[in-house]
Amino acid sequence: MKFSRRELLITAAKGALITALPMGAIKFLEPKEVMAEIKGPGKVRWAFLVDTYKCVGCGLCVKACKNENEVPYDTPVTRTWVERYIIKKDGEMLADSPMGARDGFTENKIRETAVDPKDIAKAFFVPKLCNQCDTPPCVQVCPVGATYQTTDGVVLIDRSWCIGCGYCIMACPYGVRFFHPVHKVTEKCNFCYHRITKGLNTACVDACPFGARMIGNLKDPNDPVTKIVLTERVGVLKSEYGTKPQVYYLGLDENVR
Amino acid sequence: MKSHVWRPLWIVLGLVGLILLLRPLIVPSDFGTGERGFMYGYHRKGNEEDWKAIKVKYRSKEYCKDCHQEKYDSNMSSKHSIIQCENCHGPAVDHPENPEKLVIDKSRALCIRCHAYLPYEQSDRSKIKGINPAEHNPDMECSMCHDPHKPNLGG
């Protein structure tokens with residue numbers, strides 16, 4: 001079969017038309033909307049602030065979260081959890097989070113071995129939860145449009161639409177996603193969306209007696225969280241991934257991953 | 001141009017056409033890109049309301065005040081005033097209808113979450129009075145000697 005230059009161009013144009021037509025016909029891609037995105041409209045952008053100095057590792061936030069969001073209490077999965085870090089004087093780092101710290105940390109044993117207090121250079125607790133990233137990789141990979149970001153920045157999962165393929169669980173660099181043992185779909189922290197949209201704090205913020213957790217609106221310059229994020233030395237987790245995480249940490253240590 | 005090469009192409013095109021026809025029937029009408037754009041905002045709008053509609057379970061301290069005034073007052077005047085009642089008694093949801101009574105957890109595990117001594121100077125854990133649960137009156141409930149609502153030593 002011999003193709004002249006002219007024929008080739010015509011065939012290519014036809015092919016392009018055929019592929020472009022159905023796309024336009026069903027309004028699948030709306031380039032204007034894709035472009036207009038980036039900063040996003042709205043008056044609210046939820047963000048979280050964790051003060052790691054204040055955390056005592058009692059795990060009451062995890063207990064409250066599991067009850068509030070009906071994550072089966074006796075399974076190891078949880079929407080938020082607390083990690084313990086022990087950095088020894090010889091440089092060795094130990095970290096654990098038994099059952100997500102649902103029952104707190106009650107002994108100096110870490111993974112069955114006791115650490116001599118004299119060997120400890122520093123030891124502290126780091127609460128973790130979904131970062132509600134500005135560019136969430138978990139949302140990008142969803143093949144069915146079951147997970148998405150709301151205008152106010154919270155990433156939600158449509159339980160009736162999720163097919164449980166697990167791509168998003170693999171895509172999240174922070175490991176906040178898991179399978180819900182009852183609903184059999186992906187589950188993750190959503191800043192207690194049912195609470196914050198009613199003007200309440202998240203369950204974990206309310207449960208923390210020490211004020212180690214705060215939730216606020218970054219678009220409100222008078223919000224306590226916004227003020228701290230703008231004026232104090234805060235860190236975020238794994239910024240090198242380009243996810244623009246929106247959970248800020250005070251007193252973050254380089255060993256925290 | 002008659003060729004066996006074209007046949008699979010027609011089949012594929014037919015399938016694409018079929019899917020396009022069926023799509024509006026299967027996909028809910030409120031499915032769209034929303035304000036966050038296609039990459040992050042492609043979703044079923046109604047799901048946002050589904051999430052908002054979930055019931056709030058933790059009512060927080062002020063809710064207990066009216067009915068358990070005595071407990072509330074004693075707790076608020078103590079070193080435990082920063083602790084939510086529901087941290088120890090579980091979520092109140094529709095209490096006192098459902099559950100009629102909240103759990104009373106007298107376990108030592110509840111208290112040693114905060115009071116088991118841990119040698120972590122860099123954390124505020126070191127600012128809470130710590131005990132060694134294995135030595136501090138083992139096998140006895142803490143509340144036999146300490147008032148969990150107002151544990152202040154010496155009154």
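Of the 155 residues of chain B, 29% count as buried, a term that denotes under 20% relative accessible area, with a 1.4 Å probe and protein chains only. The structure is a predicted model, in which local features need pLDDT of at least 70, side-chain atom pairs count only at pLDDT 80 or more, and totals for chains, interfaces and linings use all residues. Residues are numbered from 1 along each chain as its sequence is written, chains are lettered from A and ligands numbered from 1 in the order in which they are written, and side-chain values use heavy atoms, without hydrogens and water.

Chain B contains seven helices and two strands, taken as DSSP runs (helices H or I, at least four residues; strands E, at least two) numbered from the N terminus. The radius of gyration of chain B, 30 Å, is well over the 15 Å given by the globule rule for 155 residues, so the chain is more spread out than a compact globule; the radius is taken over C-alpha atoms, and the rule is 2.2 Å times the number of residues to the power 0.38. The C-alpha atoms fill a box of roughly 100 × 40 × 30 Å along the principal axes.

Aromatic rings pair if their centres lie within 6.5 Å, and planes under 30 degrees apart count as stacked, over 60 as edge-to-face and the rest as tilted. The structure holds seven such pairs over all chains. A:Y85 and A:F124 are stacked, 5.7 Å centre to centre with 15° between the planes. Because A:Y85 lies in strand β2 (residues 81-88) and A:F124 in strand β6 (residues 120-128) of chain A, this pair ties together parts 39 residues apart in sequence. Both A:Y85 and A:F124 are buried.

Notes: Phe/Tyr/Trp six-rings, centres within 6.5 Å; stacked < 30°, edge-to-face > 60°. Buried < 20%, exposed > 50% of the residue type's maximum accessible area, 1.4 Å probe, protein only.
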